[in-house]
Amino acid sequence: MMIVAQGLEKTYTSGGRPLPVLRDIDLEVAPESFVAVVGPSGSGKTTLLGLLAGLDVPSAGRVVLDGQDLFALTEDERAGFRAERVGFVFQTFHLLPTLTALENVLVPLELRGGGRGLRSRATELLDHVGLGDRMHHYPAQLSGGEQQRVALARAFANQPRILFADEPTGNLDQETGAAIVAMLEELNREARTTLVMVTHDQALAERAHRIVRLAGGCIVADEEAGAPAPSADGTDSAAPRP
Amino acid sequence: MKLGFALRLAVRESRHGFRRVGVYMAAITLGVAALVAIHSFRDDVARSVQEEADVLMGADARFEANRPLPDSVTHIIDSLSAAGVDVSRVTTTLSMVLAPKSGDVRLLQVQALQGGFPFYGEVETTPAHSWGRHAREGVALVDPAVLTQLQISLGDTLAVGRVRVPVVATVENTPTDLGYQTAVGPRVYVSQATLDSAGLLGFGSLARYAVYLRMPDEGARHALRQRYSSVLRATDVSFRLAEDQAHRLSNSIRFLGRFLGLVGLGALLLGGIGVASAVQVYVRERRPAVAVLRCLGADQWTVFAAYVVQAAALGLIGSGVGVALGAATQRVLPVLLAGVLPVPVSTRFSPAAAAAGVGIGVWVAVVFAFIPLLEIKDVPPLQALRQDFEPPRRRRDPWRIGAYSALLASVFLLCGVEAPETSVGLVFAVALLVTVALLAAVAWGLTRLTRRFFPTRASYPVRQGVSNLFRPHNQTLSVTLALGFGAFVVGTVMQVEGSLLDDLTVSFGQGRPNVLLFDVQKDQVDSLRTLLPASARAGLEVTPLIMSRITAIDGRTPAELRSDSMIPREERPRRWALRREYRNTYRAKLGSAETLVAGRWWDGTPAAGDSGRAVSAGDLVPVSLEEGIAQDLKVGLGDTISWNVGGMPVESVVTSIRHVEWSRLQPNFFAIFKPGYIDDAPQTIIMLARIPDPTRRADFQRALVHVFPNVSALDFSRVQEAIDSVLSRVRTAVTFLALFSALAGILVLVGALATSRLQRTREGALLKTLGARRTQVLTVLFTEYLALGTLATAAGLALAWIASAIMVPHVFQVTFHTHPVPLLVIWGAVAGLTLAVGLAGSRGLLRRPPLAVLREVPE
Ligand SMILES: Nc1ncnc2c1ncn2[C@@H]1O[C@H](COP(=O)(O)OP(=O)(O)O)[C@@H](O)[C@H]1O
Ligand SMILES: [Mg+2]
């Protein structure tokens, strides 16, 4: 399994009172699968994603990511782990405003440190998302869709094993959003990444192999989606949907 | 416009975030505090001086001259005395004083008293009520420093010239003293009779002769001045009334106070710059909220007014606190400046100063906040729907132009009012604007250079840190202005001070003479030479002093020259230059502090350039004049000057003009005669010797008093100590006031970094999400703060260096040298401070999990 979460719980204290946000979550995600997480606002989707990526510490339970028990690591070790194997895409893009598109894509590569050919890889990725001619633009000079494409290129820069996306189309119009998801799917297939995506959009969720439904901090449904899961031998038999 | 709604809105809005602007208001608080303190202090001093006018002089009027009063004046005094006016005679001279018990010798001021001076005020002595005993009983009183310097105690005797007097009391405090006067040399107080029999007042001594009068009737003393003005004008005796002296004093102190006021104004305007930049950031944050309000139907002026009200309210609070702080500081100033102030200053709360402080504070807050706030009125309601909608910018908004004009006018007005003279204020305002513009320009240039040339091979966190300086809404410029201004002020003070100290070292330091002998008679020179330690004989400098007066220029007497109606008044020779007593000399060589600017030296060496014209003196005596005195006398090459040299008439021709570095501590002269003409004129000799070893120096001085009681020796190391102590006092006062500017700068820094903290925190969390380790995030922050501090100081110090390179030679007339160490220290301090403030504000960033930060909705 690529992701194993066992007995995951998260409780915030709000106004002095404990506020359980996630209760007893058990989840397993197979390598190279595409899982959509859906649920009403406030149901704990972002919290779950954050815990799976090690951005926050659970109140109870554990997460094993690509064979590594996340919370047995120190915070710095978790950061190093992310730099090696995890990619992230946010609803609000979160590009560094002081860096150009190219520099933004370079960040994860440079954080990991050194190596030749970083630049050419970043250029290649930007070309791939159709921004080959906007490499030296700053985020403020790009439209929302373009910013999210830079974010996609950044997420794939370090060739992650797992990619988390939190409502990547939430701030985009439908058409642009669809294009972003198509691009995400394509990159995912090529890089054979495991993809966990939170979304509100039922149509987008339908494109996943599997849909996990959250409500009130619990998994209330976990079902196969329209797209078939990859076969056991790891080859992708799913044809892109029209 | 709906005023009620605007006010309610102001109150509600101020709950959210406008408090951050409050940090900058604290900078305004400091400025107001400095202004209020200085204004009130100025009033305090002026009032105290006027109230104490008679005590300050110790009398109602005074005659004074630097030689015995001429008969014409003595007659006036005698007739006053006969008419029942109280008269008291005070003569002061410098003399070597020996303590037979310890064998120690010092050059001291000897003050002889006859009569009841001071007529007003109390002289404090130990034991009490001893003042006057010296005049009546032929004993001596001394300043306490004399006891320690000569290692004696009360009851021991002192040898002053030929007489011995017992010391019966110490003088703790005299009402007429300006504190620092005793720094030159502590005093011994004796009677007039003692001084006469001591035989000190030989030819050429540095003496002052004063006669004090008690004339409580103001009309009588004005009438006196009226009646004898023509008699007095014919002499070089000055006649001054107590109120004139108080007036002059309070004028000069007012000047000082106003100068300090400008420093306070600097802090205030710095606060203004901070307010402007904080409001700008605040406004940007509030734009969405403003857009929503506009959607809901609020008109632009109502919303705008709500924010102006907030600025004014904060300005009012800031200034109010400033007034309180200023009232406290007002009490500190007299303590700090205790040694420099002429009278004990009583402090009194000044409502006028407080009101002016509040008014100025609120005005500065509003006028600086106004420009960024104008953006509020232009926020389109559409922005509530589409965040990225940017309205087309109106290029020439009359409001904007008006606001900028008001700001400029305010700066000029405030400077003009605060400054000692309006013109000084205008110059100060222009200098301030130029400094700010230059700082901005230098900061801009440096950021461009950094951006362009920063090595792309540097590690990623370092590059990220540097590029953070250019993040949108960055505070780089306001921090650069605030810190740069502070660095500029402190850097300039240190550079100027360093150059002045260098100059002192040139005068006193290695290899320079450190003992000055004066009142040496011509026939004593050779035997005095043998008295010196052998090592000091070679470098001995012997300079004759010849007292002379001018009797005519080109054949016309001073009186004729002054009253020649054919010559415009300003082209006539200056009165003081014609009348003064000159200490001239003759010598064969140019001194090290002299350069020829016109004509030729005795040996034919011409002045540089083509002004080295040769002038023949014919049968007359060639003379070389200093350029300033030549100008005041309105003479040039080839003019003849007739002198009375100790009763001997001498006709001279100006054959050269010299430039003299007066600040060099060495004997310099207005007029130098060619040797071989007047060498036999009545003269005294001054000698400069170098005796490095302090014990040998003391031995020599002791022997000198025994063998040549008429010769005085001045130990330069004592003078240097005195100068050092005055310098350090001035440094304390300047530092104290610079503190206000520096603190204001730090507050702006704190505010600026707080403003961008949210953004920084989010970026740090993002980097951690992308896999950055703690050290990498820290390196980014470290680099950013270090770069920011460096940028600001680099700009400020570069300007400080330029300013001192201009000021040192032109204002202080001293050679400028760069002092890199203080500059490095300032850089280290400011960069360290920026780092400390920045990292302290970023603690939370490292502790909180990245998810929490990313969840917070941006904007
Ligand atoms: N730091 C926090 N303190 C208290 N409650 C929080 C905190 N963060 C999130 N919550 C609460 O947790 C719940 C789940 O939030 P979230 O995971 O963002 O939901 P979703 O992403 O599904 O909309 C919400 O009710 C939210 O109010
Ligand atoms: Mg969410």
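For sorting residues by class, Ala, Val, Leu, Ile, Met, Phe, Trp, Tyr, Cys and Pro count as nonpolar, Asp, Glu, Lys and Arg as charged, and the others, Gly among them, as polar. On that scheme, the shell around ligand 1 comes out at four nonpolar, six polar and two charged residues. Here's a quick tour of that site, one lysine in chain A, and chain B as a whole.

A word on the ground rules: this is a predicted model, in which local features need pLDDT of at least 70 and side-chain atom pairs count only at pLDDT 80 or more, while totals for chains, interfaces and linings use all residues. Residues are numbered from 1 along each chain as its sequence is written, chains are lettered from A and ligands numbered from 1 in the order in which they are written, and side-chain values use heavy atoms, with hydrogens and water left out.

**Ligand 1 and its shell**

- The shell (residues with a heavy atom within 4 Å of the ligand) includes A:Tyr12, A:Leu19, A:Val21, A:Pro40 and the run A:Ser41, A:Gly42, A:Ser43, A:Gly44, A:Lys45, A:Thr46 and A:Thr47, plus B:Arg855.
- Because residues from chains A and B surround ligand 1, the site is shared between chains.
- Oxygen atoms of ligand 1 make polar contacts (N or O pairs within 3.5 Å; within protein, one atom must be able to donate a hydrogen and the other to accept it, and residues adjacent in sequence count only if both atoms are side-chain atoms): a backbone N or O atom of A:Gly42 sits at 2.8 Å, a polar backbone atom of A:Gly44 at 3.0 Å, and a polar side-chain atom of A:Thr46 at 2.7 Å.
- Taken alone, ligand 1 exposes 570 Å² (Shrake-Rupley, 1.4 Å probe; for residues, only the protein chains shown count as cover), and the protein buries 67% of that.
- In chain A, β2 (17-29) and α1 (45-52) are the elements giving two or more residues to the shell; α1(A) gives the most, with three.
- Those elements are DSSP runs, numbered from the N terminus: helices are H or I of at least four residues, strands E of at least two.

**A:Lys10**

- A:Lys10 belongs to strand β1 (residues 3-14) of chain A.
- Its relative accessibility is 9%, so A:Lys10 counts as buried (under 20% relative accessible area; exposed is over 50%, partly exposed in between; 1.4 Å probe, protein chains only).
- The A:Lys10 side chain reaches the backbone oxygen of A:Val57 at 2.7 Å.
- Beyond its neighbours within four places in sequence, A:Lys10 has contacts (heavy atoms within 4.5 Å) that include A:Leu19, A:Val21, A:Thr47 and A:Asp56.

**Chain B overall**

- Chain B has 28 helices and 20 strands, and 51% of its 859 residues count as buried.
- Of its contacts between residues at least 6 apart in sequence, 81% join residues at least 24 apart.
- Chain B exposes about 38100 Å², with carbon and sulfur atoms supplying 60% of it.
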